[in-house]
Amino acid sequence: MLRGGCGSSQERPLMIWGSGPRNMGLEGPETVGQPQVTLLPTPNGSGPDQEFGGHWQEIPELSPCVAGIAPVIYYSVLLSLGLPVNLLTAVALARLATRTRKPSYYYLLALTASDIITQVVIVFVGFLLQGAVLARQVPQAVVRTANILEFAANHASVWIAVLLTVDRYHALCRPLYHRATSSPGRTYRAIATVFSAALLTGIPFYWWLDVWRDADPPSAMDELLKWAHCLIVYFVPCGVFLVSNSAIIVRLRKRGQRGMRASVSRSTAILLGVTSLFAILWAPRICVMLYHLYVAPVHRDWRVHLALDVANMVAMLNTVVNFGLYCFVSKTFRATTRQVIHDAHLPCTLGSRSKDLGVEPVLKPVGPPQKGRNVEEGLQPGSLESSGPPERALL
């Protein structure tokens, strides 16, 4: 996807997904000024560019590196904290889905799985591995294949939330239809369809890099891919969120006016929280991307790259905030999470206790009885070991 940030003094590279450590000035002195495999010159460059009619006009000063190493630190912390939290969330939701067999828990589990894929593919492989560790020395085929996985992960995450929204809408506004059509098998098929469609819609973005190879103004293919990305991951899903959530709120208000119980269920509260957080956290990225597409190539302002860095970091925050939302809203989820942690900690606790007891698991050879010896337990009557539990009780 779109990458901005601070690169070498020769060109301002624009990378695959967003701004990130791929062009944070991490390359060594031997690579400065040399063409990179995944580096693409952009009209926002800080060096000599070509004017809009075929060659960008040269700018008098180089754009300073503002972000620096901060994105690398941010994404490292995000991955080290977010990935374990999402794994814990997945285990807790899997238990709740198996216990209750409710579609909403299956959709939340699929949403968590897509967030895990996003963190692994985009944050780890894209930002950290390719950018910070490999210093962008990656074959083009690998980068383009990673492109497909990155876009597919984003599409899956967003449209699983759309499935959850539609399910809650039917449950509240069309309860009879929801009861007649809701089943685990139907939920599995819907989730599988979304993941398959997300992978298919990610294939056209294999050519996301090629549209930035030329120093010419953005081509029709470039604009098409940018707008397709904005429509698939933001404008269309947010339209569904707005219409469905508005209908749910109106339905709840009508119940309150009729004197009926109009309290918001936990699933509905989680739905409103997930969709609202997504719309807020992804809005800066979409705005900066469109501004970069139509305005930034003319003005070549380094502040656009800084805004793109910040916008991408905020968008990736959406992959870790759901755990806090679930804990804040659902008491059942909190109890299940505590149980998962307790079950994971229990074997370690039992193992440490058995070592502390110091009990030998082997049987001592039977010998002739000695005077003053307790034959049954094999212990001295006045020794300290006689106060502990007998070996037979631990077998």
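Does Phe278 count as buried or exposed, and what is the relative accessibility behind that label? In this predicted model, Phe278 counts as buried, at 7% relative accessibility. The cut-off for that class is under 20% relative accessible area.

**Aromatic contacts**

Searching the whole structure gives 10 aromatic pairs. Two of them are set out below.

| Pair | Geometry | Centre to centre | Angle between planes |
|---|---|---|---|
| Tyr234 and Phe278 | tilted | 6.0 Å | 40° |
| Phe323 and Phe333 | edge-to-face | 5.9 Å | 70° |

Tyr234 belongs to helix H6 (residues 220-257) and Phe278 to helix H7, so their pair ties together parts 44 residues apart in sequence. Tyr234 is buried as well, its relative accessible area being 12%. Both residues also belong to one aromatic cluster, which is formed by Trp227, Tyr234, Phe235, Phe241, Phe278 and Trp282.

Phe323 and Phe333 are both buried.

**Cavities**

Three cavities of 30 Å³ or more are counted in the model. The volume of the largest cavity is about 170 Å³. Its lining comprises 17 residues, and those closest to the cavity centre are Asp115, Ser157, Val158, Phe278 and Asn318.

Sorted by class, the lining of the largest cavity holds nine nonpolar residues, seven polar residues and one charged residue.

**Helix H5**

Helix H5 covers residues 184-202, 19 residues in total. From the first C-alpha of H5 to the last is 27 Å, close to the 27 Å expected at 1.5 Å a residue.

The buried residues in H5 are Pro184, Thr187, Ile191, Val194, Ala198 and Gly202. Why do the buried residues of H5 line one face of the helix? Viewed down the helix axis, they fall within an arc of 90°, so they line one face. An α-helix has 3.6 residues a turn, so residues three or four places apart point the same way. On the face of H5 turned away from the buried side are the exposed residues Arg189, Thr193 and Leu200. Exposed here refers to a relative accessible area over 50%.

Technical notes: Residues are numbered from 1 along each chain as its sequence is written. This is a predicted model: local features need pLDDT of at least 70, side-chain atom pairs count only at pLDDT 80 or more; totals for chains, interfaces and linings use all residues. Side-chain values use heavy atoms; hydrogens and water are left out. On a 1 Å grid over the protein atoms alone, a cavity is a set of points where a 1.4 Å probe fits but cannot get out, and a pocket is an open set with protein on both sides within 12 Å along at least five of seven lines; lining residues have an atom within 4 Å of a point. Grid points are joined across faces, edges and corners, and a volume is the space filled by probe spheres set on the points. Ala, Val, Leu, Ile, Met, Phe, Trp, Tyr, Cys and Pro count as nonpolar, Asp, Glu, Lys and Arg as charged, and the others, Gly among them, as polar. Helices (H or I, at least four residues) and strands (E, at least two) are DSSP runs, numbered from the N terminus. The expected span of a helix is 1.5 Å times one less than its number of residues. Buried means under 20% relative accessible area, exposed over 50%, partly exposed in between (1.4 Å probe, protein chains only). The arc is that of the directions from the helix axis to the C-beta atoms. Rings of Phe, Tyr and Trp (its six-membered ring) pair if their centres lie within 6.5 Å; planes under 30 degrees apart count as stacked, over 60 as edge-to-face and the rest as tilted.
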